[in-house]
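Welcome to this guided tour! Open the viewer, get ready to select residues by number, and follow along stop by stop.

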Amino acid sequence: MSANTARALAVQEVQRLLDSADSLKRLPQLREDVLSKQLANKAQLAAAVASQVEAAKLGLDQLTRAHQALVGMRANYAEITRLCAECQSLIDCHDKIAVLSEVHSNLRKTLQDVENIAALPVEAAEAEAMLRENANLLHVYEMLACLEGTSMKAQQALESGTNVSVREAQGNLSSYFQKARAAVRATMGKFEERLWSIVRNFVRVAQEDPGLLVTALQVVELQELVDAQLVAAGQGASPLRKAWRRRCLAQICMGIQDEYAPLLQRCSQLIAAGENTDARVTEILAEADEFVAQLAPTYDFVAPCFPPEYDIFGAICREHHRQLCSMVDFIGLCADNLANSDILKVMLWCAGYQATLGEFGVEEEESAFPTGPQAGLSLLIDKYVQRIKATLATWLFNIVEGDFTNEPKANAEGRVWTPGAVDFFRILNEQVAVVAEVDTGAMLLRIGRAAVQTMHDFQAAQRRRMAGGELALEQLCAVVNNNVRCYDESLEFAEGLEEALEDGLKGQLNVEEACRGFLDLAKEAAAALVAAVYADPGFADLLTRLCCTDDWRGGGLTASMLATLEDFLQDFQRWVEPGFYRRLAEALLEECVAHYVGAVLCFLRGVTEEEVAALARDDARIRAFFARHVRPDKVSRECQPLGELREFLSGDSVESFVLSYTALLASAPGVTPTLLANLVNARAASDRNMSRADAREVLEHCREVYADRQARAGAEEAGATPAQQAAAAASAAAQARTGKAPTAKEVAFRAAVNAARKRSGGALPSPVRVPGGAGAPAGAAAAAAPP
């Protein structure tokens, strides 16, 4: 664009902007706008010019460098051409050149090794200085590992020399090399001391400077990699293999052992401590608590610093546990000098310690204390159980002595009792509760077994006092009531003890047998009551006049017998718990029937209509009398021998005698043909239609029936029934009081009564498991047993 054209365009633009007189007012503003645009244009133009100038300079520099490179390449090509011309003759000497190259390389390596060997003492000193300055352990380890490798190579090279010159050089280098190697070993030893001091103080270091502990473990892991490489290369026996991971764990255990050493030293002095043992045990347990408290910082600070494969918390817990087991073993050795309260302190501490480990996820098996015969925990438990057994034995003697020496008490309803049952189970519950507060494992199980044995001893002591047969009726009633209560108390005790035991020990205590023993003892006491009633001299005289006197035929004797029984039953109804009174009434019914059958077998001399009618009358009166105290079905079943015996006496043929005897054996299996001989002979003597030959035939057939039944039923139960035992004891006591031996008539009568007693079933049978549980009212479980 020419200047004139530009000027013309400018004039046109000015005219456009100043097209009116009013536009002249905007002239200053327009001048400012034009001026600013000019300045902006000038700045852009200057920048563009500068950029173009800079690009031109760069292009000139590149051209210059390219020219210089071309000149250099020409010179290099010329030099290559010259060298190739010189080396054309060396192609024939290739082997020599290769040898020379190898020699040159070996010489360079040898010189480097010599320089490294010469620098060993200096570098060892530098590493030691770094240790003193607390430099990074990892850097120090890497330096020392290189120095060790260099010294090892030098040693191997020195030992492998074979020519004369090398052997001569060995003597010159040996002293210097030994000094250098010693310096490296000494520095490595100091490094290991520093490393293991960090590891042994793992708790403090982890809390104050966890990075230092992590660095130490990195060093250990690097050495583990070196060991693995050496093993892979078949150099497992190399001195460079150090097994630092194993040593690391060993150092940790040694550190824990050093911390426990003063505590175990004090524990070893407990045996000679004498009367001060109790206080020392308290101090030892307090110090042991401080060690257990270290497990929390170990879990929070130490474990995160170690690699997971170390299982470091488990390893530390196991070492702590070993030391604490030693502590408990020392305490167990002086168990004789400890009070029971201090043994319980130790057991409580052990339980708390195991609970603490459980909170950290440690398995129960790993936190359990040794339980061998000589283990400390076992010695403590043995001593405690031994003392408790002795204490229980003393209390048991005092309780039994007081129960059987003092007069029984009567409650508001008239039930007689003695405080022994309450005191006995209060003591047992107290002892079990004390132990359950500190331990629910082996110690509670042992105390539970001691308590169960004490129950058996309590029963045996009562049996010994009852065996003499000289106890008053009130005393025997108290024994019945007490043991019914003991049965209920024992069920509650067994249930509470089973709930307190830990799951792994539940079901290992045989408490049911001891519980049933109280019920059995109550039955034996009831049997003794019945025996005492029938051994009463006045009542026994009435029984010996049955079936053989005019008073009996007239009914007065039987009325007196039942009136006497009524007096006894009224007393028993007032004295004995209602749940057991029915059993006692049933036992009196059984014994009444047995004595009546025995009297018929021994004393009946004639079998006339009068005697048969008297028997029928007495059968009805006995049934009616006991129906007021015993269930009707029970009365009917127990009085069945009376009716069957009357049927036997009324038989009119051999077949009828045999049938009635067969029925009699079903309810009174002890009545043998020998005992029937008196009745058969009495019938033959009273009945003109029955000869002695008929009597012998009847007895012969009865013997066949008895033998056949015995063969089918098997052997009779061995041993005497509770009723027979109680009767024997009562008879012996009566004989001791009178000082007279029993007459032949009394002996025969007792034998007949024993034969008439049942050997199974009845109101006081052999012990059976009684349903019922804790919390049942006194005697309720006893009443629930099958009659």
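Start by selecting Arg426 and Glu430: their side chains meet in a salt bridge, 3.3 Å from N to O. A salt bridge here is a side-chain nitrogen of Lys or Arg within 4 Å of a carboxyl oxygen of Asp or Glu. Both residues sit in helix H16 (residues 420–436), and because they are four residues apart, about one helical turn separates them. An α-helix has 3.6 residues a turn, so residues three or four places apart point the same way. Arg426 is partly exposed at 40% relative accessibility, and Glu430 is partly exposed at 39%. Buried means under 20% relative accessible area, exposed over 50%, and partly exposed in between, using a 1.4 Å probe and protein chains only.

Before moving on, a word about what you are viewing. This is a predicted model, in which local features need pLDDT of at least 70 and side-chain atom pairs count only at pLDDT 80 or more, while totals for chains, interfaces and linings use all residues. Residues are numbered from 1 along each chain as its sequence is written, and side-chain values use heavy atoms, with hydrogens and water left out.

Now zoom out to the whole chain. Of the 787 residues, 41% are buried. The structure has 31 salt bridges.

Next, select Glu192 and Arg247, another salt bridge, at 3.2 Å from N to O. This one links distant parts of the chain: Glu192 is in helix H6 (residues 164–200) and Arg247 is in helix H9 (residues 244–268), 55 residues apart. Which of these two is buried? Glu192 is, with a relative accessible area of 15%, while Arg247 is partly exposed at 25%.

Then go to Glu586 and Arg631, whose closest N and O atoms are 4.0 Å apart in a salt bridge. Glu586 belongs to helix H23 and Arg631 to the loop between helices H24 (609–626) and H25 (632–638), so the pair ties together parts 45 residues apart in sequence. Glu586 is buried, at 1% relative accessibility.

For the last stop, stay in helix H23 (residues 578–603) and pick His595. His595 is buried, at 8% relative accessibility. Leaving aside neighbours within four places in sequence, its contacts (heavy atoms within 4.5 Å) are Tyr534, Leu543, Phe749, Val753 and Arg757.

Definitions and conventions: Helices (H or I, at least four residues) and strands (E, at least two) are DSSP runs, numbered from the N terminus.
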